Structure formats: C-alpha cells, structure tokens
Amino acid sequence: MASSRAPQARRLPAALARLGLPRRAAEGAVSGVAAGVAYRLGIPADVARAGFITLAFAGGVGLAAYGLTWLLSRPAAADEPPRALAPAQRAGLALGFLGLLLVLRELGVWFGDQVVWPVGFVAFGVAAMWSRRPAGRQDLFAQISGGHGGPTAARLAVGALLIVGGVALFLSSVDVLAGLGQVMLAALIGGAGLAMVFGPWVWRLAADLGRERRERIRSEERAAMAAHLHDSVLQTLSLIQRSADPREMVVLARGQERALRAWLFGGEPAGGGRLRAALQAAAARVEADHRVPVEVVATGDDPEVDESLQALIQAAGEAITNAAKHSGASAVSVYAEAAEGRVEVWVSDQGTGFDPATVAPDRRGIAESIIARLRRVGGRAEVTSEPGEGTEVRLSLGGGS
Amino acid sequence: MSIRVFVVDDHRLFLAGVRAELGERFDLVGEAVDVDEATEAITRLAPEVALVDVHMPGGGGTAVVRAVAASRPEVKFLALSVSDAAEDVIAMIRAGARGYVTKSIGPDDLAEAVRRVHAGDAVFSPRLAGFVLDAFAAATPADLDPDLDRLTDREREVLRQIARGYAYKQVARRLGISVKTVESHVSAVLRKLQLSNRHELTRWATERRII
C-alpha cells in the first residue's frame, strides 16, 4: 500500500494550495497565520488573533489550531483586497465561535471559567479597539489620511466595555474584591469625568496631527514644483532676458510653453521611456538652449524610466545646464552606467570650476534641483569642483547608492 | 619634420575643414573621396597617418584599412565619423585602425590624436570607451583566453574616465598614475579589442545599432 500512498502524499500539498489558506508573514505579528485566517474569513487580523488567544486558554486548543494552520498554510503576499463581510455573516461567525467555546467547555477542554472568559473578553476588547480596517480601496479617506483608519467611536466603546467587563469578571471570580459593584460604579463615574475633562484635548491633538501631516505633504509638493519651475521656466526666462534676437525669444518661449503645458496637464513631456533616450533628450535640450555640445555616453543596461529615475534624469539635466551656462567649457560630458538596478550618471565639464564652499546656500540650482531632488527619491548626488579644474557631478540611484 | 598625413572623406566640405585645421601643423600629402581612390593613393604615397571616414560609398573605411594593411602595414589609421553606430566603430578598430574620434572633435584635440596615433598609441573617444566597456562587460566564457578577452580593473577604470570626457593627462592625474601608464593601458585595450576572439564583440556590435 505504500506505493499508492506516496502519490497521495504528494497530492496533498497541491490540494492544500487549492484550498488556498494563506500565511501572510508581512502583515503578521508572529508568523502571519492569524492574518491569513483573518484574510480568508474577511475579518480584522486582530480579531482572529483574539480568537486564537482565547482558544489557547481553552485547554490549549488555540495553540494546537495555530500550529496546524501553520502547517497547512502556504506563504502568500497581499495580492487582492480582503473581502468584506455582511453584518449577518459577522454575527454568524461570532456565534459559531461562541458555540465552539461552549462545546469545548462541555467537553472539559477548559482551563476554567475564571480564566477563559476574562481572557476572551479582554482579547476581543483589545482587538475591537486596535484592529485596523482592512487596507482596501473602499476607504479613500483612510488612505489619504495615512493608510489605515483608526478605531471608530463605536468600536472604542465596545472594546472598552469588553475589557472592563473581562477585568471585572476576573476580579470578581478570584474574589479579590467582594464589594465590586460599588467600586465599578465609582470607576465608571471617574472614567466618565476624565473623558469629559481630557476628551476635547485629545480630540484637538488628533486634529492637529492630521493638519500637520497635510501641511508637510503640501510643502513637499511645493518644493518639487519649485524645483521643476526653476529647471524650466526660470531658466528660459533668464535666457530670454539675455537674448537679443526676437526670433530666438519666440522659439524659447514657445518651447517652454509646450513643456510647461505637458507638465501641468499630462505628466512629463514625451521623450522619456528609457534612460538613454531620456538623457539624450535632456542633453539635446541644453544644446539647443545654450549652444554648447553635450556628449552622452551610456553603458550597461537601459532601464525603464520610473519616478525616481525621472528625478535623477532631471537632476542630470540641471547639472548639464549648469555646466553649459556657468563653466565656460566648450563641451559637457555625460556618462551613464546602469547595472543590476543601480544607475550612476556623471556630468563633467572642464571649465572654470568653482569652490563648493563659497556657493551661497540660497542658490537653488545645486542644493534644491540636484542634491535634494535625488535625496527625495533615495539617491545621492556629489559635486566635485575646484576653481580652474572643472566640475564633476556624480548622481547615483539604487543599489545602496 | 612634420608628420605626413592623408585624409579620406566623401564630404568635400569636411576635407576642406580638416585642411584648414591641420594644414599648418602637419604635412598633408593627399586626400581622397572614395575607397578605390584612397586605397591606391595611400599605397602609393605611404603616409605615416591616414584619417579615414567610417562611412563612405564602396565599402566604407574598413575596406580602405583592410586593402592597405597588406601592402603598407606601417600606415597608421585613425577613424573619423559622425556615426554613433557601435558596429561600424568596432569593425573599424578590428580592421586595424588605432583609434576613433568623432568629427565634432576640436582642431587641437584632432592634432593631438594624430600625434598619438603616429607615436603608436591608441586614441579612444569617450564614445568608443563606452562601446568597449559594454562589449567586454559580459562574463568571459570559459573557453576563451582571459588575457585577451577580459579587461583588467585598471583598464576598465581608465576607460570609464575617458568615457567621462577626460583627456589622458587628466585621467593620469585623477588616477594618480603617469600619462605613459594610461597610454599603455589604452594600447592594451586596443590590442584586446583587435585580437579577442570573443564573438560577443561582433554580435554585440551588430545588435546595437544605435546608442
């Protein structure tokens, strides 16, 4: 019979995979088992954890169930939003769990009423207070205000009631306090008083935090926009001021108008796509604007331009512009190396150079457009220059830059 | 005793430009505008250095270099091109040219390149350095000669500096070595480029028509 059992044993994991019990290590507190079960059932992970904890005190059933689930589940990443349960389904699930507990109690798989009930109350109370809404697309506001929604007032109240009830149950069952009724009443009144005193203050604090976060996001957006305008519109305006030829002014203004429109209404202008093409385009822009030849040499891969690479290319464009405008060099060299997810770009000129220590901190060019822009996407920029020795700007991204 | 230079290019405007730029520094012994004319004249005149355009009717610069090499091995070739195509540049070097510069090169740099090629050194433009770095980037197959088919770290570093637009003198200072050492590194790379059997070199160059 061993011969027929072997294929069965091999089939078993496949069958389990079809069963689709996921283990979500990334979201889990211990190994992701509870998070996976919660995902499967459509309930918050903390509630599933509370269930496991409660069952653990019911004669260790929870520990066994946890271990078994771990064995049967497979690691999985979050691929789709968890399904939402109808209130009736939730109630059914809760009643089913309660029934399971009662059966276990009847069977004697039970550490005692004075342990299991209080633990269960407190565990579910904490879960109700702290569980996050499942991260899906259904709650746009929660995403905007920072990921997951906090507990609602109703959930807070239910959770607090459960915890207080659990503690009271435990205390009364172990007979620590005989006259518990009066103490509880006193505690309730005291709690209500505290809530009235500190409630508004806590409320205001939370509101302030939200406002601060929105303010920060807004100021970062403003900095990014300022950097972009500095690279494009301000540069063109300064060129137009220096230009004596009305035709050239029109050309400059029209080109800038096109670029600005594209940026305002349709993301980045075309010509991106991949690193090499984007660098060539940036070089071509500077050549056209400043009449200084820019040679681009690229080796290695030619990665797709994503948001952070876009920032690097814009910083490179700014460095090329600086070299063409200020160095007095007859040509600018751009050298790019891309391999294994790492991108490095050098922009060098053999012009007059400068002393980096003497650049005024309020000069936006290098500080904002190059260094800060790369820092925002996790990259690095180094500027090496000496008077009379030319300038080299090294930009790097990825691979621990 | 100025160096005897021959120029081959099918654009007469460019020939005139080179004549104006190099006429006072070198002994310009002749010009040609196509492959046959160039092959005949170079074989007859035996210049010390020949500047050859990569793209020409009738076979291109490679044909000239190949045809002359048999009878006049002492003529040193410097490839000139507006082309960015890696395959043409690599083919030119493998045919025997000692260097490659783009036509946008300034007069002083061009004169320097001619002297360098005449002295037996190699001349790499930033673009050629980039091509070579790419061509040798792939892992070396076990059946090939590592001496010929792989660049040393130092050679790689020298090429990267050249690709960033630095002249040999600056490369030497930046790496803390002598100009002579830089020259010998570049010559070693040129030798590898010409003699290596790794077929990636040709295949890679054919696959990559534009940078």
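Where in chain B is B:Ala46 found? B:Ala46 sits in the loop between helix 2 (35-45) and strand 3 (49-53) of chain B, where helices (H or I, at least four residues) and strands (E, at least two) are DSSP runs numbered from the N terminus. What you have here is a predicted model, in which local features need pLDDT of at least 70, side-chain atom pairs count only at pLDDT 80 or more, and totals for chains, interfaces and linings use all residues. As for labels, residues are numbered from 1 along each chain as its sequence is written, while chains are lettered from A and ligands numbered from 1 in the order in which they are written.

- The predictor gives the complex an ipTM of 0.77, alongside a pTM of 0.52.
- Chain B averages a pLDDT of 83 (the predictor's confidence in each residue, from 0 to 100), and 85% of its residues score at least 70.
- Where pLDDT is low, the predicted coordinates should not be read in detail.

**Chain B at a glance**

- Chain B has 11 helices and six strands.
- Of the 211 residues in chain B, 45% are buried; that label takes 20 or more other C-beta atoms within 10 Å of the residue's own, while 12 or fewer makes it exposed and anything in between partly exposed, with C-beta atoms placed from the backbone.
- Take the contacts in chain B between residues at least 6 apart in sequence: 65% of them join residues at least 24 apart. A contact here is a pair of residues whose C-beta atoms, placed from the backbone, lie within 7 Å.

**The sheet in chain B**

- Six strands of chain B form an open sheet in the order 2-1-3-4-5-6, with parallel pairing; two strands pair if DSSP finds at least two bridges between them.
- Strand 2 and strand 6 (123-124) of chain B are at the edges with a single partner strand each, so each has one side without a neighbour in the sheet.
- Strand 1 and strand 2 of chain B run parallel and are joined by five bridges. B:Val7 has B:Glu31, in strand 2 of chain B, as its bridge partner.
- Helix 4 (residues 86-95) of chain B packs on the sheet, touching strand 4 (76-81) and strand 5 (99-102) of chain B. The direction of helix 4 makes about 175 degrees with that of strand 4 of chain B; axes are lines fitted to C-alpha atoms, for helices over the stretch in contact, and angles run from 0 to 180 degrees between N-to-C directions.

**Zooming in on B:Leu28**

- B:Leu28 belongs to strand 2 (residues 27-32) of chain B.
- Why does B:Leu28 count as buried? Because B:Leu28 has 20 C-beta neighbours inside 10 Å.
- Leaving aside neighbours within four places in sequence, B:Leu28 is in contact with B:Val5, B:Val7, B:Arg19, B:Leu22 and B:Gly23.
- B:Val7 is 21 residues from B:Leu28 in sequence, and their C-alpha atoms are 7.8 Å apart in space.

**The sheet in chain A**

- Chain A has an open sheet of five strands, ordered 3-4-5-7-6, with mixed pairing.
- Strand 3 (294-300) and strand 6 (380-385) of chain A stand at the edges, each with a single partner strand, so one side of each lacks a neighbour in the sheet.
- On average, neighbouring strands of this sheet are turned by 10 degrees against each other, direction ignored.
- Seven bridges pair strand 3 of chain A with strand 4 of chain A in the parallel sense, and A:Val297 stands opposite A:Tyr335 in strand 4 of chain A.

**Where the chains meet**

- 12 residues of chain B are in contact with 12 residues of chain A.
- Helix 6 of chain B supplies five residues, the largest share of the side of chain B that touches chain A.
- By class, that side of chain B has five nonpolar, four polar and three charged residues. Ala, Val, Leu, Ile, Met, Phe, Trp, Tyr, Cys and Pro count as nonpolar, Asp, Glu, Lys and Arg as charged, and the others, Gly among them, as polar.
- Helix 6 of chain B lies across strand 3 and strand 4 of chain A, running at about 5 degrees to strand 3 of chain A.
- Helix 6 (residues 126-135) of chain B is mostly covered, with 10 of its 10 residues buried, among them B:Phe131 and B:Asp134.

**Positive phi spots**

- Most residues other than glycine have a negative phi.
- B:Ala46 is not a glycine, yet has a positive phi of about 50 degrees; with 16 C-beta neighbours inside 10 Å, B:Ala46 counts as partly exposed.
- A:Glu340, also not a glycine, has a positive phi near 50 degrees. A:Glu340 lies in the loop between strand 4 (332-339) and strand 5 (342-349) of chain A, and counts as exposed because it has 9 C-beta neighbours inside 10 Å.

Technical notes
Contact = placed C-beta atoms within 7 Å.
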